[in-house]
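Hello,

Here is the structure to be handed over. The notes on what was found in it follow below.

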Amino acid sequence: MFDQDKDTGGLQGKVILITGGTSGLGAQCVLRLALNNASHIYFTGRNTKKGSAIIKETHDAGCTTPLTFVECDLTKLASVKAAADKILSEQHRLDLLMANAGVMNQPPGLTADGYEVQFGTNFLSHALLIQKFLPLMDKTAELPGSDVRIVQLTSTGFRGAPSGGIRFDDLKTVQNFRVLGGMMRYGQSKLAAVLYAQELARRHPNIISVSVTPGIVSTELVSKQNAFHRSTIWLSAKITQGRIYSPKEAPASQLWCAVGPRNEIKQGAFYEPVGILSKITTKYTQDEDLAWRLWDWTQSELKQWLD
Ligand SMILES: NC(=O)c1ccc[n+]([C@@H]2O[C@H](COP(=O)([O-])OP(=O)(O)OC[C@H]3O[C@@H](n4cnc5c(N)ncnc54)[C@H](OP(=O)(O)O)[C@@H]3O)[C@@H](O)[C@H]2O)c1
């Protein structure tokens, strides 16, 4: 049984990047991993004040791991590129990239670069980060005794993705689906994380690549929803988990994927809390052609940011 307070050791010499480390699950992961002497932990977000508060909290807890908050707005690919370039200029290895930041059930909108806002924030910006760091992570994986991982946060909400799974033809529109559109667009972005993790595993087998859901957790992602959505989420938590998880207990799922026993992790898989190989699938999560197409589409969209 994985104990997130005891089993997150073995980080000596490792460099870690966690997106969305300013609140909720990401902040809890920063706090927990910082207690275990990593060489350096970077975490991102837009809220500089919260970033400083997390650093203070870890220092107050007696932790000496170097921590750096990097401002990064995932709705702007230029901001993502700048954040990645800063870290690349400072580090010669990256052992863990946890693509954690996310938004849910947003009204129709576009990112600064003209992509549907949830797809752009949750998926495409993380794909840019991953692509920026892949050469360094491939090199890190060649070092003796290395254990390099990319963990992408997803949600069983991928079951709500629109017909076709990922609507490539209108990803550069607000995709104003009529009913439950916010959750359909969220589902699409989280399906992309599952498929991208699979494809990454096929193309870079030296790096452990998985997707993971934390379960339903009482973070701001949920508390900021309107009353209708909050009660639907609470009901769903009651039915599927018995209760809603607290932000302090729920990081265990993604931490297991990040630092749990490597020989127990299935490359490319989707995990549920805690360390459970999920049986939840849709025809889209099993569609290798869709994963391939997503990879190609993403490479082509990101080309100008990677040159
Ligand atoms: N909570 C759940 O029940 C649940 C269930 C399934 C999956 N998940 C997934 O778990 C992950 C973490 O969620 P959470 O519940 O911890 O959410 P949260 O408490 O709302 O935290 C979200 C984090 O993402 C960052 N973020 C949001 N928009 C951003 C943007 N445009 N640019 C940069 N950073 C941004 C926020 O940082 P700033 O505000 O500083 O920008 C914050 O640190 C998400 O990917 C979510 O989809 C959560």
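**Burial, fold and sheet**

Of the 307 residues in the protein, 47% are buried, meaning that 20 or more other C-beta atoms, placed from the backbone, lie within 10 Å of the residue's own.

The model is predicted: local features need pLDDT of at least 70 and side-chain atom pairs count only at pLDDT 80 or more, while totals for chains, interfaces and linings use all residues. Residues are numbered from 1 along each chain as its sequence is written.

The protein has 9 helices and 8 strands, which are DSSP runs (H or I, at least four residues, for helices; E, at least two, for strands), numbered from the N terminus. Its radius of gyration is 18 Å, close to the 19 Å of the globule rule for 307 residues, so it is as compact as a globular protein of that length. That radius is taken over C-alpha atoms, and the rule is 2.2 Å times the number of residues to the power 0.38.

The 8 strands form an open sheet with mixed pairing, in the order E3-E2-E1-E4-E5-E6-E7-E8; two strands pair if DSSP finds at least two bridges between them. Strands E3 (67–71) and E8 (276–277) are at the edges with a single partner strand each, so one side of each has no neighbour in the sheet. Helix H2 (residues 48–60) packs on the sheet, where it touches E2 and E3.

Strand E1 (residues 15–18) runs parallel to strand E2 (residues 40–45), and 4 bridges join them. In this pair, Leu17 is opposite Tyr42 of E2.

Regards

Key:
Buried ≥ 20, exposed ≤ 12 C-beta atoms within 10 Å, placed from the backbone. Contact = placed C-beta atoms within 7 Å. Axes fitted to C-alpha atoms, helices over the stretch in contact; angles between N-to-C directions.
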